[in-house]
Amino acid sequence: MTRPLVRPPRKNPILRTRLPTLPPGARSRVALGLTAAAARGRFELQVCRDCGTVQYPPREACRACLSPRLDWRAQDGTGELVSETTLRHSHELFFRERMPWRLGLVKLDNGPIVVAHLHGDCAAPPSRVRVRAHLDRAGQAALLALPDKDTPHMADDRELRELTCDPKFRKVLVTDAKTPLGQALVEALVTAGTDLVWAGEAEPWKKPPGYDRLKALPQVATVPLDVTNSRAVKELAGEIGGRVDIVINTADHHRNFGIAARDGVETARAEMDVNYFGLLRLAQEFAPAMRARGADGQSSAVAWVNVLSVFALSNFPPHGTYSASQAAALSLAQCLRAELAPAGVRVVNVFPGPIDDEWNQTLPPPKIAPARLAADIVAALRGGAEDVYPGDVAQDWLERWRDNPKALERELAAMPQP
Amino acid sequence: MSDTVLSRLLAELAGGRIRIVDLTQTLSPDFPQIVLPPEMGQAWPFRIEEASRYDARGPGWYWNNFSCSEHTGTHFDAPIHWISGRHLPDNATDTIAADKFVAPACVLDCSRQAAADADFLLTVGFLRQWERRHGHIASGSWVLMRTDWSKRSDPVAYQNIDETGQHTPGPDTDAVRFLVEERGVLGFGSEAIGTDAGQAFHLKPPYPCHYYMHGSGRFGLQCLTNLDLLPPTGSLIIAAPLKIKEGSGSPLRVLALVPQAAPATAAPRVAHKATKKSRARKRRK
Amino acid sequence: MMRARTAYDDIVVAAPVTVPYVRYSIRGAHWFLAAALAALIKRAGLAKDKLDGLCVSSFTLAPDSAVGLTQHLGLTLRWLDHIPMGGACGVVALRRAARAVQSGDADVVACIAGDTNHTDSFRLNLATFSQFARDAVYPYGSGGANASFAFLTAYYMRTYGARPEDFGKICVAQRANALQFPHALLKKPLTLDEYRNARLIADPLRLYDCVMPCAGADAFLVLHRAAAEQLGLPYARVLGTIERHNAFPDDPVQYRGGWALDRDELYSQAGVEPKDIDVLAAYDDYPVITLMQIEDLGFCRKGEGPDFVRRESFTADGSFPLNTSGGQLSVGQAGAAGGFLGLVEIIRQLTGKPLGAAIDDARLGLASGFGMINYDRGLCSGAAILAAGQ
């Protein structure tokens, strides 16, 4: 029975902070297909296009018919736990520091045998389990066997928590808490059990409706934060940086211009200054402390969330300069992901389609409601994905982009000007 | 230096009988910047990025790069800034004659009225009343509207924005026209974020101070401070904008030379019998 | 229909040598292999240039393979092989060398296996053991073979009712054997109580279930009987051998090895039955695999391993002499040399010169090999039946 998570005691400030270690991260290229799917919160295995055999471990040719035509397909992960062990000794520091560690050998219903981390609530073999793919702290796909049916406090299992970024009992910085999304996130985080939400405010004179109620919540502390102001970012990091477990960067400057529709670079520069340079400033000032705290107890530094836009994948010409700023931010976020990787801190990039807010007013539905987007972000933190495409439009664009990026480019250029 | 007006000026400065009062707000990223409707091109707030600080980027030196609008912090508005002044000759910061940068100032104390009403409008009536006490506003003077608005150190209070927009004091249309057409002033200065009142969009014409001042080749000063240290008349203002090619304005250092009633050295004031002259002087202040 | 396998007439093995095992060494694998080769030609009374064939097994020889050794050790050869098959490498090396000599491709083949062991080399080898291990096993707890064999042992216990004391009996017996083996690294007697109360490593495995990695080497010669007699070397004859890779791939857990598939052919080729075998050298990095070999090599039926263990005794003077050197579990596993340890001791027993406790009148010996947990099961299995020479 999983014990529910309790708030950790206050940290003893004079003790040395445990530094992050990682599970083994080396994978062959073909095995990275598992990682690519887990990054999107999916469990996929290779399936032979010619004979239908499901493959595991990942490989270059079908083990039944030698066909090289292996396609990654979603799996439901149902199977039987055929053996288990509890490790008391490991060759790697990461696991040595987390002994004992339960492992299982699972025969999936569709064929392969998999070695998996084993949730504490899985009954002794033989028993039915569900296997899921998560990213581990090294950022690589790892399989986890869960009990057949959900159990109470299932998410609080020790081994599962090493694969996720649950905000419960953690402290989170929402960089712009005043936007519709920012407000919805503050609300969703408080509901999810976040101990403290720092609500960043860029324009102190702005008073959006409903904001006063949020400010008054005991878990919320407002802080001045203008991501275009390097000194302000530095000062805030000096003040709270050592306590931030999760950064959610909601700061966004969004205008509706391509190239010809606006003279001068001022508007585009403002978009870049918030969307790209803002991220750079935040990362320079907040990432170092998070890097050091990747293994700092139960409420360790664990994730950095960038709310980007699906426009980052392929330019949406009516919002052309905005799209470009999002593409720049995406590239930088990948850099940040690499720099935070050694600390086991996950960079989560969220690519919503148009949010139902003022700057997307003239875009036709479907548009994603801020509350729904906030819920998806919290779910991604709990579920462990790192590339999140919430809502119908985002899913649609992603599929088109993966299928044929050039076709998507043409489709977006042909869309009527909203 | 031979005994000239300037050498006497230097002596008076050295002796503290003329003080230099700094009317300039510090340029920092925290200083509020004018906010236009989001659809418009915005004026950049002051931002400063370190280039090096005795470190790997430059071991022996410290320097920064900064960015801002021409209209950031304490700043000067040139006639070319407004559509009404766009075609006037010598209307940009690099073409305005330099002799315009030194001028006397008339300081209008509206601090009580502004404290009671953030939307206080300076009227012709107020001007005439001021002139009855302090004499005609001389041609070629700066007219500075003291509201003590600069004492609002909280940026939210300084902006004073609510659902209907910004609420800061300024002149009404008739007052501006009076100063331009009847008094031939050099320009208008304000402690708030604009020379026009915060709600001046609703005056006729909108933003009359900009419209008429710049439309007649005159200037503006904004975000001034320490106006409460100036006498109603008698100060000399030095306000020279950066020489930006075709510039519409620039942040600048605004200095006032202020004659002191008593010596600046710390000799205790000797109580003296109030003479008719000193009583009159007191009334003029 | 399989063709009949060619017999091994007059192909013999001789000159079993061991380079003493040490827990850690600063030397490289080349040093141990060179020492084995030197001991081999000294034992055989053979000039180095009379060797014309070489078979090498090592996990720590990188970046070299067998070829590098030819120049490193000054050998000019007309036959060379490299056997990267872990604990099956002894039997497989024997099979390769035997056919080479039989066909005339080589006359005298040295089979050598050896590895060094630095304080961190085991972990580094584990991390890159195979593509499947790196992708799908090592990231899960990094327990190494302990985890893999824990899965097998737990399954076996659940399926066939084996108890910890069944495995313990084997470990205790082998320790008793080891006390008489000069190269054994574990020299203290072991009781069943100590075995059962030792600390858990990976449930259900405890400390004495797990083999200890070390450095060392083993070697032997394969040559024609006539050549051995000419050198005055005692020898053992090769009667039959088998080899299998990736047997029973659809078994969900490895509860049987390739021997189950090939043992009839082994005994048929050798012309003997299991009851004729005087001594068994089973590959033993963990006791469960010993039970599996006992079953799969026909000494009892599948699933009757626990009963067999409870019935028999495994010391050199017991009813079923097993791993008379002490096996890897008490001697240590010098990397690939673990695949030679049992075979070399069988050759010694059959040539009347055991280093461990002697078996009365050992005439037939069976050496079994197992190895290469590429993912979730050992892929290689092999076995050889040898007979005492003259």
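**View 1. The open sheet of chain C in the predicted model.** In this predicted model, chain C contains an open sheet of nine strands with mixed pairing. The strand order is β3-β2-β4-β7-β1-β8-β11-β10-β9. At the edges stand β3 (79–82) and β9 (279–281) of chain C; each has a single partner strand, so one side of each is left without a neighbour in the sheet. From one strand to the next, the twist averages 20°.

**View 2. Strands β10 and β11 of chain C.** Strand β10 of chain C covers residues 364–373, and strand β11 of chain C covers residues 378–388. The two pair in the antiparallel sense over nine bridges. Within this pair, G365(C) stands opposite L386(C), a residue of β11(C).

**View 3. Helix α14 across the strands of chain C.** Helix α14 of chain C is formed by residues 338–350. The strands it lies across include β1 (11–22), β2 (53–57), β4 (108–115), β7 (215–224) and β8 (235–245) of chain C. Helix α14 also lies across β9, β10 and β11 of chain C, and runs at about 175° to β10(C).

**View 4. The largest nonpolar core.** This core has 266 residues. The residues with the most contacts inside the core are V13(C), V109(C), L221(C) and L386(C). Helix α1 (residues 29–44) of chain C gives the most to the core, with 10 residues. Chain A takes part as well: at least three residues are drawn from each of domain 1 (75–161) and domain 2 (171–414) of chain A.

View 5. Leaving out residues up to four places away in sequence, L221(C) touches V13(C), A14(C), A15(C), L40(C), A44(C), V108(C), V109(C) and A110(C).

**View 6. Contact between chain A and chain C.** Here 31 residues of chain A are in contact with 30 residues of chain C. On the side of chain A that touches chain C, β4 (78–87), β5 (101–108) and β6 (113–118) of chain A each supply at least two residues. Strand β4(A) gives the most to this side, with six residues. By class, this side of chain A has 16 nonpolar, nine polar and six charged residues.

**View 7. The two domains of chain A.** Chain A is divided into domain 1 (75–161) and domain 2 (171–414). The C-alpha centres of these domains lie 32 Å apart. Five residues of domain 1 of chain A are in contact with six residues of domain 2 of chain A. On the domain 1 side of this contact, the residues divide into two nonpolar, two polar and one charged.

Terms used. Residues are numbered from 1 along each chain as its sequence is written. Chains are lettered from A and ligands numbered from 1 in the order in which they are written. This is a predicted model: local features need pLDDT of at least 70, side-chain atom pairs count only at pLDDT 80 or more; totals for chains, interfaces and linings use all residues. Two strands pair if DSSP finds at least two bridges between them. Helices (H or I, at least four residues) and strands (E, at least two) are DSSP runs, numbered from the N terminus. Axes are lines fitted to C-alpha atoms, for helices over the stretch in contact, and angles run from 0 to 180 degrees between N-to-C directions. Two residues are in contact if their C-beta atoms, placed from the backbone, lie within 7 Å. Ala, Val, Leu, Ile, Met, Phe, Trp, Tyr, Cys and Pro count as nonpolar, Asp, Glu, Lys and Arg as charged, and the others, Gly among them, as polar. A nonpolar core is a set of buried Ala, Val, Leu, Ile, Met, Phe, Trp, Tyr and Cys residues joined through C-beta atoms within 7 Å. A residue is buried if 20 or more other C-beta atoms lie within 10 Å of its own, exposed if 12 or fewer, and partly exposed in between; C-beta atoms are placed from the backbone. Domain bounds come from an automatic or database domain assignment.
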